[in-house]
Amino acid sequence: MNELMLVARREIVTQVRSRTFVVGLLVTAVLVAVLAFAPKLFGGPDSYTLGVVNSQRLPVAAQGMTVEWRTYPDEAAARKALLDGDADAVVVNGTKVLSEGELDERLGVLLQVANREMKLDAQGVRVPPLQTEAVRADARYDAARGGMATTLTFLLFFMLVGQMMMVAMGVVEEKGSRIVEILLSTMKPWQLLGGKIAGLGVVGLINLVVIVAGALGAATVSGLVTDFPPGMAGIVAGTLVWFLLGYVFYATLAAALASLVSRQEEVGSVMNPLTMSLMGTYFVAFFAANEPNGTLAAVLSWVPPFSAMIMPVRMAATELPLWQVAASAVVMALAVAGALALGATVYRRAVLRTGARLKIRQVLSQR
């Protein structure tokens with residue numbers, strides 16, 4: 001066990017001390033923080049400056065929106081104000097709306113509704129607005145949940161792919177340089193493999209924690225945290241657990257496949273099955289972010305290795321019974337145990353064999 005911890009420590013120290021890791025981590029954290037502000041930046045303005053020419057001011061109103069009205073003497077003055085950026089839209093003669101470019105979709109709908117209501121009211125026709133009520137208590141968090149689920153889909157995919165390839169490249173580097181022969185003279189193959197997976201797993205976990213912390217910090221500063229659903233601590237903790245389960249599964253198999261080759265140029269081709277599996281999982285998880293209770297997402301959230309990405313995405317997108325999440329995690333843990341057994345066997349039998357690329361069936365048939 002001491003040898004395993006030494007290998008893990010070596011992997012952690014090597015990665016964390018590298019300038020590439022530090023710069024990449026900082027850049028990623030900044031990008032995630034910027035994305036956390038995206039809804040505020042691209043969600044449309046919270047206030048509008050509107051003008052009128054020979055028209056009444058329309059009763060434009062919407063939750064979270066403020067309107068400032070200005071009166072212009074003629075259409076020429078209104079057009080100049082629009083071109084100068086002093087107004088977002090101007091109602092002229094009660095019959096048309098001018099805008100500098102394409103009229104903001106939300107504003108256009110509000111103006112049309114307000115104009116219709118004002119004219120009906122002038123004729124004595126009063127139409128009471130429909131009262132809306134969401135039956136589900138947490139419906140107000142749907143938009144935030146959808147955004148978190150989509151973000152998790154991208155984050156988990158790129159994190160798993162990156163860590164998986166890091167493990168594979170490390171195995172091939174040690175095998176190609178024959179350092180592995182020296183290392184295995186002082187320790188057992190499972191200790192070397194376990195230490196590499198554990199060490200790079202800690203590195204991945206550091207990446208994930210920094211990214212999530214950066215996103216939550218930016219959301220707090222921007223005020224978006226008020227839209228987050230209750231139970232965020234559970235969602236974050238669950239994401240970390242599912243990342244670790246998915247990482248160990250893919251990293252173990254990546255190490256096994258990488259041990260079949262001796263050159264880094266061959267890593268891409270030998271990793272194709274795992275890469276395609278992750279790509280398929282990514283597309284299903286993206287679908288699950290929008291339809292978390294759909295049949296496909298619900299079924300595959302129980303099937304390893306799909307569940308490693310789909311279940312945390314569903315947890316973010318909708319409320320799930322705790323027993324479902326726990327049971328799915330148990331199934332995934334069993335799959336991880338199977339991957340460890342298979343991966344360790346292939347790695348032990350193939351990592352010392354240099355030369356031409358080995359076939360996995362050839363390795364497994366060894367006695």
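The protein exposes about 19700 Å², and carbon and sulfur atoms supply 62% of it; accessible areas come from the Shrake-Rupley method with a 1.4 Å probe, and for residues only the protein chains shown count as cover. The model is predicted: local features need pLDDT of at least 70, side-chain atom pairs count only at pLDDT 80 or more, and totals for chains, interfaces and linings use all residues. Residues are numbered from 1 along each chain as its sequence is written, and side-chain values use heavy atoms, with hydrogens and water left out.

**Overall organisation**

The secondary structure comprises 14 helices and four strands; helices (H or I, at least four residues) and strands (E, at least two) are DSSP runs, numbered from the N terminus. Of the 367 residues, 42% count as buried, where buried means under 20% relative accessible area, exposed over 50%, and partly exposed in between (1.4 Å probe, protein chains only). Among contacts with a separation of 6 or more, 71% are between residues 24 or more positions apart; contact means heavy atoms within 4.5 Å.

**Strand E1 and its partners**

Six of the seven residues of strand E1 (residues 47-53) are buried, so the strand counts as mostly covered under the cut-off of under 20% relative accessible area. E1 runs parallel to both of the partners listed below; two strands pair if DSSP finds at least two bridges between them.

| Partner of E1 | Bridges | Orientation |
|---|---|---|
| Strand E2 (residues 66-71) | Six bridges | Parallel |
| Strand E3 (residues 89-92) | Four bridges | Parallel |

Thr49 stands opposite Glu68 in E2, and Gly51 stands opposite Val90 in E3. Thr49 is also in contact with Asp86, a residue of the loop between helix H3 (75-83) and E3. Asp86 and Thr49 are 37 residues apart in sequence, and their C-alpha atoms are 7.3 Å apart in space. Leaving aside neighbours within four places in sequence, Asp86 also contacts Arg70, Tyr72 and Ala81. Asp86 counts as partly exposed because its relative accessibility is 38%.

**Nonpolar cores**

A nonpolar core is a set of buried Ala, Val, Leu, Ile, Met, Phe, Trp, Tyr and Cys residues joined through side-chain atoms within 4.5 Å. The largest core has 77 residues, of which Leu192, Trp242, Tyr247, Leu260, Met271, Leu274 and Met309 touch the most other members. Helix H8 (residues 232-258) provides the largest share of this core, with 15 residues. A second, separate core has 12 residues, including Val52, Leu58, Val60 and Trp69.

Not counting residues up to four places away in sequence, Met309 touches Thr153, Leu156, Phe157, Leu160, Leu278, Thr281, Tyr282 and Ala285. Ser307 lies in helix H12 (residues 307-317) and is buried, because its relative accessible area is 0%. With the exclusion of residues up to four places away, Ser307 touches Trp242, Leu300, Ser301, Trp302, Pro312, Ser328 and Met332.

**Nonpolar surface patch**

Val16, Val202, Ile206 and Val210 form a nonpolar patch on the surface, with about 230 Å² of accessible area together. Patches are made of residues with over 30% relative accessible area and no salt bridge; like charges are joined within 9 Å, and nonpolar side chains (Val, Leu, Ile, Met, Phe, Trp, Tyr) within 5 Å. A salt bridge is a side-chain nitrogen of Lys or Arg within 4 Å of a carboxyl oxygen of Asp or Glu. Helix H7 (residues 189-222) gives the most to the patch, with three residues. Val202 is found in H7 and counts as partly exposed because its relative accessibility is 35%.
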